[in-house]
Amino acid sequence: MTGLDAIEIKAFVPARDYEVSRRFYVDVGFEEKSEFKGIAYFALGSCSFLLQQFYQQAHADNFMMHLLVDDADGWHRRLTGEDILGRYAAHGVRMSEPGDREWGMRDFHLVDPSGVLWHIGHNTR
């Protein structure tokens, strides 16, 4: 469909403390590609999102992202090795252990400094 092809889709992720969230996502492994007036563009490979200087607790507490990776256990080990939980404990960051899901994924959960829930996993089927 010439002229009507989709190029990319990105979610606007809320940030309670914009500067803390910017550091957090860099520490997790994303690259901040640009920032302008409270919107930061983050990317990792072909995956990207926009971090926004906007926060409403009800919105953040119900916001989820899914990151499909090659190796969920490797990601978990790296984040543990980087001491993400210790470095961001004061900001409410939490992380579960990896587990196999009946729908054919192995994943773990990472809650960011604003309460956004990330599912980080790989396919097992």
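Which residue in β8 is the bridge partner of Arg101? In this predicted model, the partner is Met105. Arg101 belongs to strand β7, residues 99-101, and β7 pairs with β8 in the antiparallel sense over 3 bridges. The two strands form a hairpin with 3 residues between them. Gly104 lies in that turn and has a positive phi of about 95 degrees.

Strand β8 spans residues 105-111. Of its 7 residues, 6 are buried, so β8 is largely enclosed by the rest of the structure. Strand β6, residues 94-95, also pairs with β8, antiparallel and over 2 bridges. Here Arg94 has Val111 as its bridge partner.

Strand β9 is another antiparallel partner of β8, with 7 bridges. One of these bridges joins Asp107 to Gly121 of β9. The hairpin of β8 and β9 has 5 residues between the strands. In this hairpin, Gly115 takes a positive phi near 100 degrees.

Asn123 is found in β9, which covers residues 117-123. Its relative accessibility is 47%, so Asn123 counts as partly exposed. Beyond its neighbours within four places in sequence, Asn123 is in contact with Leu68, Gly104 and Met105. Phe42 is 81 residues from Asn123 along the chain, and the C-alpha atoms of the two are separated by 24 Å.

Helix α1 comprises residues 18-28. Its buried residues are Tyr18, Val20, Ser21, Arg22, Phe24, Tyr25 and Val28. In an α-helix there are 3.6 residues a turn, so residues three or four places apart point the same way. Gly29 follows α1, with a positive phi near 130 degrees.

Terms used:
Residues numbered from 1 in each chain as written. Predicted model: local features only at pLDDT ≥ 70, side-chain atom pairs only at ≥ 80, totals over all residues. Heavy atoms only, no water. Buried < 20%, exposed > 50% of the residue type's maximum accessible area, 1.4 Å probe, protein only. Helix = DSSP H or I, 4+ residues; strand = E, 2+ residues; numbered from the N terminus. Contact = heavy atoms within 4.5 Å. Pairing = 2+ DSSP bridges.
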